[in-house]
Amino acid sequence: MTTKQRSTQQKQAITNAFDTAQRPLTVPEVHGIATGNCPGLGVATVYRAVNRLVDSEWLKEVRLPDHPVRYERRALGHHHHFHCDQCERVLDIAAPCESIATHIPDGFQVRRHELTFYGVCDDCS
């Protein structure tokens, strides 16, 4: 197998991990999913590939206080997150925030926002 083929196979396994999980993933989670399609894939390779995918803007970071960085596809559009306190998974949720905007003080200009719900997911409850 050539380096080019291996690199393509590894990158495909890594990008497929995000399609399979359909939620924000840590690098170890990506590694665990991707090795099912690409045995022998090293965690260092996953870190490098994820960093390249962030640099190319295919992925973006999801940061929650006191938790490891997770990554998700940038193309997902605006959405919010739910963090399960028991299994530690982070799930995507759609939650409209139009009514929250009415509480922004006059003269303020909001550029972006992040909203995370914390609790117990259906699998853990």
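Helices and strands here are DSSP runs, numbered from the N terminus: a helix is H or I over at least four residues, a strand is E over at least two. The model is predicted.

Start at Val110. This residue sits in the loop between helix 4 (98–101) and strand 5 (116–119). Val110 has a relative accessibility of 53%, so it counts as exposed, the cut-off being over 50%. Together with Ile104 and Phe108, Val110 makes a nonpolar surface patch of about 300 Å².

Now turn to the aromatic rings. How many aromatic pairs does a search of the whole structure find? The search finds one. Its partners are Phe18 and Trp58, with ring centres 6.2 Å apart. Their planes stand at 75°, so the pair is edge-to-face; planes over 60 degrees apart get that label.

The pair joins distant parts of the chain. Phe18 belongs to helix 1 (residues 3–21). Trp58 lies in the loop between helix 3 (43–55) and strand 1 (59–62). The two residues are 40 residues apart. Are they buried or exposed? Phe18 is buried, at 2% relative accessible area. Trp58 counts as partly exposed, because its relative accessibility is 31%, which falls between the 20% and 50% limits.

Helix 1 holds another residue to look at, Gln10. Gln10 counts as buried because its relative accessibility is 10%, and buried means under 20%. What does Gln10 contact, leaving aside its neighbours within four places in sequence? The contacts are Cys38, Leu41 and Thr45.

Terms used:
Residues numbered from 1 in each chain as written. Predicted model: local features only at pLDDT ≥ 70, side-chain atom pairs only at ≥ 80, totals over all residues. Heavy atoms only, no water. Patch = residues over 30% accessible without salt bridge, like charges linked within 9 Å, V, L, I, M, F, W, Y side chains within 5 Å. Areas by Shrake-Rupley, 256 points an atom, 1.4 Å probe, with all protein chains shown as cover. Salt bridge = Lys/Arg side-chain N within 4 Å of Asp/Glu carboxyl O. Buried < 20%, exposed > 50% of the residue type's maximum accessible area, 1.4 Å probe, protein only. Phe/Tyr/Trp six-rings, centres within 6.5 Å; stacked < 30°, edge-to-face > 60°. Contact = heavy atoms within 4.5 Å.
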